[in-house]
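Thanks, everyone, for making the time.

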Amino acid sequence: MVQSEKSCCGNAAREPAAACCCSGTSGPIPAPAIRTTNSVITGKDRWDHFLARWGVNRMGRIVLPGLHRIGNPTNDSPVFASANYTLSFDALRSALAGIDAWILVLDTKGINVWCAAGKGTFGTDELVRRIQVTGLFKVVSHRRIILPLLGAPGVSAHEVTRRSGFSVEYGPVRARDLPAYLTTYTATTEMRTVRFPLADRLVLCPMELVHALLPMIAVAVVLYFLAGPVAGLSAVAAVLAGTVLFPALLPVIPTHDFSTKGFLLGAIVAIPFAAAFARAPGLSGISQIIAVLVPFLIIPAVVAYLALNFTGSTTFTSRTGVKKEIFRYVPAMALTASAGTILGIVLGILRLMGMA
Amino acid sequence: MFDSYAENTLQYFPEKCINCRRCTQVCPHRVFAEGKDRAELVHPRDCMECGACAKNCPAQAIEVQSGVGCAWAMIGAALRGKDMDTECSCGGPEGSCCGGETPEETCSCGTEKRDP
């Protein structure tokens with residue numbers, strides 16, 4: 001630490017352009033606080049990343065905004081911008097092993113770079129403000145700042161240059177490509193392209209599952225008591241198919257739309273349950289047909305809905321397309337799921353009345 | 001079979017292009033490629049409407065209605081009776097696909113004071 005005073009406030013008071021709620025505080029004006037970090041990812045960090053992937057205490061994963069030094073940077077060392085979300089910041093600092101640099105952490109409210117850029121919090125205003133608040137122009141002699149490529153949706157490079165004097169360079173998508181990028185200060189087409197490989201998809205599954213966990217357990221318990229263990233299991237299977245199997249199989253499921261992919265996957269998952277219900281004792285005629293129809297009506301609708309909700313986690317869906325999907329398929333999902341539920345209730349009544 | 005992603009709102013006006021190549025640098029899906037005198041729109045269907053090209057084009061040669069293609073956020077907004085186009089649940093109080101709750105901060109000072 002350069003100063004024991006860690007607040008940005010005093011510094012902000014010296015920079016009239018930077019609006020800050022505590023700029024009115026009196027007292028001596030401290031120099032900008034620069035924190036020291038390193039490139040080591042400890043076991044505790046890894047545990048922390050694991051918990052973050054499960055959605056545990058996500059807002060506890062905030063890095064302090066401002067300037068951080070890594071290694072022994074001089075006034076000539078490169079400056080990298082990052083978000084104040086632990087996973088973003090840790091990806092950057094671990095990629096900078098053996099490199100002396102400055103890291104300018106923007107206040108993105110604990111949200112990762114790409115999502116924050118989409119929202120505008122990783123944006124032109126915050127970048128310009130953070131450059132001024134930290135007094136970056138006194139820390140480094142050059143006027144160049146390297147941004148993660150996925151920060152570009154929120155930042156207007158020419159606007160930043162006009163307002164702060166710093167030129168913006170967009171680096172690679174992935175922090176791990178930074179050492180290669182730094183040899184020429186040029187991002188290759190490969191470094192600039194976002195992908196969505198199996199590992200990147202699987203790491204999102206816990207979060208998808210956590211979102212659907214409570215309703216899944218509730219429905220499974222209710223079905224268990226009303227219709228038996230196989231029916232209870234079908235609820236678990238539908239949710240696992242939508243939140244784990246679907247992300248894993250995304251590129252290999254035929255059709256282009258997420259909803260139709262989900263309907264397809266759900267229909268396959270429904271087959272064993274329909275077979276099991278068809279063989280249930282005491283069913284005949286119409287009630288047997290209903291028992292086969294119910295899983296085929298409900299499970300594909302549930303998987304398709306969960307599949308559609310995965311769009312926000314992917315790296316390539318446009319809003320225009322997702323909106324089209326919602327209007328095109330959500331009514332069909334609601335309709336088939338309702339029809340299946342009503343038929344299931346009819347089947348239950350038939351059995352209660354001893355007619356099945 | 002339907003392809004909901006066949007069209008998007010990306011518009012390119014090549015006559016305004018000053019060939020600065022920013023769009024080719026910021027697009028994560030190689031939608032634009034470097035051309036001889038101006039950028040070339042080579043894969044318009046791959047556009048995810050993130051808005052990076054339009055925002056970084058100093059000549060306003062690109063227009064796109066940028067937004068996040070997130071059904072979670074849009075369905076949530078529609079159910080709450082809010083505008084599907086402007087709502088983003090990320091960081092909203094109900095938790096979301098990419099953020100979770102956000103403490104209301106008008107200024108970074110509050111955060112920094114909590115530094116142990």
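For the complex, the predictor gives an ipTM of 0.83 and a pTM of 0.85.

This is a predicted model, in which local features need pLDDT of at least 70 and side-chain atom pairs count only at pLDDT 80 or more, while totals for chains, interfaces and linings use all residues. Residues are numbered from 1 along each chain as its sequence is written, and chains are lettered from A and ligands numbered from 1 in the order in which they are written.

Turning to chain A, the domain assignment, which is automatic or taken from a database, gives domain 1 (9-194) and domain 2 (200-352). The C-alpha centres of these two domains of chain A lie 42 Å apart, and their contact takes four residues from domain 1 and five residues from domain 2.

Now the helices, which are DSSP runs of H or I with at least four residues, numbered from the N terminus. How do α11(A) and α12(A) run relative to each other? The axes of α11 (residues 205-227) and α12 (residues 229-249) of chain A come within 7 Å and cross at roughly 165 degrees, the axes being lines fitted to C-alpha atoms over the stretch in contact and the angles running from 0 to 180 degrees between N-to-C directions. The two helices, α11(A) and α12(A), are therefore roughly antiparallel, a term for angles over 145 degrees. Among the residues of α11(A) in this contact are Leu209(A), Met216(A) and Tyr224(A), and those of α12(A) include Val236(A) and Pro247(A). By class, the contact has 17 nonpolar, two polar and one charged residues, with Ala, Val, Leu, Ile, Met, Phe, Trp, Tyr, Cys and Pro counted as nonpolar, Asp, Glu, Lys and Arg as charged, and the others, Gly among them, as polar.

On to a second pairing: α12(A) also packs with α14(A) (residues 286-309), at an angle of about 30 degrees and with the axes 9 Å apart. Here Phe246(A) is one of the α12(A) residues taking part, and the α14(A) residues include Ile299(A) and Leu306(A); this contact has ten nonpolar, three polar and no charged residues.

Technical notes:
Two residues are in contact if their C-beta atoms, placed from the backbone, lie within 7 Å. Angles under 35 degrees count as roughly parallel, over 145 as roughly antiparallel, 65 to 115 as roughly perpendicular and the rest as oblique.
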